[in-house]
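I opened this model to look up a helix, some charged pairs and a few backbone details. My notes follow in the order of the look-ups.

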Amino acid sequence: MRIGRLSASVVLMTLAAICGLNAPVRAAFEPAEFPPDDSLPSRKATTGVLGNGIKYVVDRNHRHENKNRAAVFVVVDVGSVYESDSEAGYTHFIEHLGFRGSARHEPGDVRAFMASMGVAGLFHAQNAVTAQERTQYFLTIPENPKRNLDKALDVLAARALEPTITAEAVEAERSVILAEELTRRVSQSSRRRFGMLLGEGHPYLNHVTVGSRETIKGASVEALSEFHANWFRPDRTMVIVVGDVNVKKAVRAVRAVFGRYRNPEIDNPPRHQTPVPEGYRAAVVADEKAKIRSVQLSMVTRHSGADTLNELKNLTSAGLAGKILNDRLRTYAEQTSDVLATRFSRQRLAALAVSTLSISVEDGVELRAFRDVLDVVAGLLETGFTAAEVNVAKTLASQRLRTRLERADRMSSNRVGRAWVDALSVDQPVTETAAGVAAGLFVLDELDVHAVNQSLINQFGNGRRVLLVTVPEGETSAAPIEEFEETLANLDDVSPLGRGLDGGTEFAASAGASTTDPFHIDPLAPGTIVEEIVHKTLGIREWRLGNGATVLFKSTSTRSTRVRIRGFAPGGAASLTDYNEEWVAAGREVLLASGLRGYRGPKLANLFNLHRTSMRIDLHELGHGVMVSTVPEELDFAMSALHLVHTEVVTDPAIYTSVVSKLRTRFEATGEVPALRHRQAVFDLLWLNSVVGKAVLDPEALDTLTPGWVESMYQTLFTNVRGVTFLISGPVKARVLKPYVIKYLASLAGGEGHGLIGGSGTLAEKNGSVRTDLNPEDRSEVVRIYVNANAGYDYRSSVVRQMYAILLQNALQQTIRVDRGLVYTIGASESSPMFPVPHGFVNVQFVAEPENVAEIDALVKVSILGAVENVDGEQMEVLRRQRKRSIETYYENPGNVLLVFYRERTAGQPPLSIKARKKIVDGITAADLQAFAKRVATDMPLVEGEFAPVIQPLSPVRRAHIQNRRWRPPPCLSPGLRRSPVRLRRATPGFAWCHPETPATKTVL
């Protein structure tokens, strides 16, 4: 079937009708008549420039999940590349200071504003990012943009253009940024590789966004103020508003808020022009973190967008070439056991594009593997791609475009806003989705084998070339770098020919133009539905099948959602006669690699992609299942594939040998990673005698694994479905789905069935700690796990745990990060019991300098109770609003409704409606949170782990000082509507109470 200029328009009109979108607008754009170097039609939005040079975009995005929500972005054209050596990190420092307060907003005011929108988290729904060439602030409006947009704009405007740069704010944030530098620091080997890629003098290498410890410590109020005045100016600023807003009113609000700013008298510096590195470099790099040898060949060029038809054509042809090359590379890797992985990738590095051919290998074969992989590349360069390969790649690309169009009206406002940020940063608009799809289909039709071949030639022949061989520290490469260079030189001697496309520019609609359904199943003996139950409250239909399986189905009227099928079977690995984590991991990999009906690797992946379907196998200790996602028109294919997974998977001896060999190398490598060894030690202390889920696996365990065990595992777990529950959700009707259920699911063998079997792991019953002095970094990574053993599945208890975790996180971030500056990130979280595991946890994690760990630990201990001491009615109401909004958002997804229904019913709990859940939330009181906090502090076992560089004992004087400190939480620790918290004095020398001007800060990505 030919998708040409006319058919592309027809396809768009048909899809527009399916999606319920504006068909006339989509049909209006005709790529064949459009100038190839003009910008493609932009997304419908209102744009403009204020008198002071501030650019703005207001984009109304109000359908589905975006209803009554909005996102606001403020972007300033300044980043690390604009800094001098003595100013390194200043942009990032100023971005932090914006959260310490501004000329018009104290932190308490901002916090009260967020609370008024039902946001209880201290840093929730607001953030900022400093990059090489721009600084971005953003804030999410979770409800009522009509009321809250003006204030959100004002908060971000003042944060970016009027931050508080005082001695107190600078000193408070300096310690936080120094702590952050610990987490951002790269190893010397990584820096060397980066230097090889870009050149030692490149600004991306020399201007790291976080700066250096020297410049952070030396930054003064005067220097930061001068830098801000010069660079954070209106004529370098952009404002983007996306969401359920009235466009005219939003534009007026932007003008009112941002129109007041004036530019400094000095001229606006020109935008930075990123140099593209040139030349060729090659080296062997010894890496202290590397456990597996690798070879990388990278090509660096300037990034090119897809704003015009010509640019889109170049980008599309490069994508097709990379896709086909990766299929060839993956096929090669699957045929050899000493090449662990090889792939070709393209990524954007700000204004640069980097294409990389990477190879991971067993020890000592890196040169031979490099030669073999380059032979694959050379073969493609010399003979070109086949017509069938290009046909498949083009068809897959057209399927992705179709999916993109179908999902266009569900794109979140945050995602649309980020697209505008990226586009405006290079002076381009966001291409309208329908126009972009029409242009993509047109370009695909125009491209032939010659163009795709030439694109591959260009990717390997243009730009800076860098060849890196990486070996573990203390080891040497199998051959000197000169021999690798000689191999690479052979690639340049290839004479590209480029074979022509047979049959002109027409391409097939499926892989290999085959009309035979590879997953066709001969007539099955149909199964039966023995009982049908309708659960009206949640809109769930239940079918109990004759083979002992159950189907839970919930339909949605939204066409742009997918059909999702999730199989849940109790038992898992624990139902096997003999098992360990290594065997389970290997068995899972062997099943995936074995494929279906001779389709495996790229061939199988392409087949699924052509049918817009994906599938995975889950296998855990207490449960297992097969998950499938598809579109309604491919339901027959998806269901047949699901049936085949339960009936026809065959273990190939060659596949088994290759998988086990590669897993052995992986297990050996991961066992040498210090962070994983520490994680394993904590795991062993937390989960006593657990079998599955370990971080470090023993390669010697594979010595006793056999293909027979893998086959037995498959037969036991997947070839019978009695006791399995299939959750099916999506835009299909019950009458349409039922025949597929009868044909493909009810006809599966019931067998002996699956039932819940107790796992081998038991939880810690007393306190314990692990300190692992293997961390090669200059920082400690700490986790504190409070064990809520056998917490059960009561929904009310889960809500209490969730609310408590929010308050605890606020307290920790305020006291330890904001007030004391002891860490960059510290967080508290909870995990609620999910059937069949009845345990819950409260976790605290942070990264800090080793000498600060004891002090932080002491503050964490007092925060456990202190976080809920002064919670009042207003704060409780904010917590309730946030929790209820989360319930509404979660239950918008029908798959989530089914999942919760299944888990609660299986756990013996009554399935609750949304209304019932909200009623439970409304009943939670401050006393409930305080009672739970007391349990955490006094009853729950604590498992603590510190992954540290060296043992640094605390001095007796400092230890006594920390232990004797009398701590009480200040009012501003908890989120609420307090507008005038009382100033409190320091209770003890060296400890900072929370002042009313203390700002709400954020986590910088």
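Helices (H or I, at least four residues) and strands (E, at least two) are DSSP runs, numbered from the N terminus.

I note that the model is predicted, so that local features need pLDDT of at least 70 and side-chain atom pairs count only at pLDDT 80 or more, while totals for chains, interfaces and linings use all residues. Residues are numbered from 1 along each chain as its sequence is written, and side-chain values use heavy atoms, with hydrogens and water left out.

Entry: helix α20.
I asked which residues of α20 are buried. They are G601, P602, L604, N606, L607, F608 and L610. That makes 7 of the 10 residues in 601-610, so the helix is largely enclosed by the rest of the structure. I then looked up what these buried residues pack against, and found α12 (309-334), α14 (387-406), β16 (614-619) and α21 (635-645); contact means heavy atoms within 4.5 Å. R612 follows α20 and has a positive phi, near 50°.

Entry: salt bridges.
I took a salt bridge as a side-chain nitrogen of Lys or Arg within 4 Å of a carboxyl oxygen of Asp or Glu. My search of the whole structure returned 59 of them.
E173 pairs with R817, with the closest N and O atoms 4.0 Å apart. This pair links distant parts of the chain, 644 residues apart: E173 is in α6 (167-184) and R817 in α26 (795-819). Both E173 and R817 are buried.
E181 and R213 meet at 2.7 Å, N to O. E181 is in α6 and R213 in α9 (213-218), so the bridge ties together parts 32 residues apart in sequence. I found E181 and R213 both buried.
D652 and R600 form a salt bridge at 3.9 Å, N to O. D652 sits in the loop between α21 and α22 (653-671) and R600 in the loop between α19 (581-594) and α20, so this pair ties together parts 52 residues apart in sequence. D652 is partly exposed at 25% relative accessibility, and R600 is partly exposed at 28%.
I also traced one network, in which salt bridges that share partners join E181, R185, R213, D778 and E849.

Entry: backbone.
For reference, most residues other than glycine have a negative phi, and most peptide bonds are trans. N68, not a glycine, has a positive phi of about 65°. I placed N68 in the loop between β2 (55-60) and β3 (70-76), where it is partly exposed at 38% relative accessibility. N144, also not a glycine, has a positive phi of about 50°. N144 lies in the loop between β5 (135-141) and α5 (145-161) and is partly exposed, with a relative accessible area of 27%.
Where is P836, whose peptide bond from F835 is cis? P836 is in the loop between β23 (823-831) and β24 (840-848), and omega is near 15°.

I checked A32 against F442: their C-alpha atoms are separated by 7.4 Å, although the residues are 410 apart along the chain. A32 is in the loop between α2 (23-28) and β1 (46-49) and is partly exposed at 32%.

Notes
Buried < 20%, exposed > 50% of the residue type's maximum accessible area, 1.4 Å probe, protein only.
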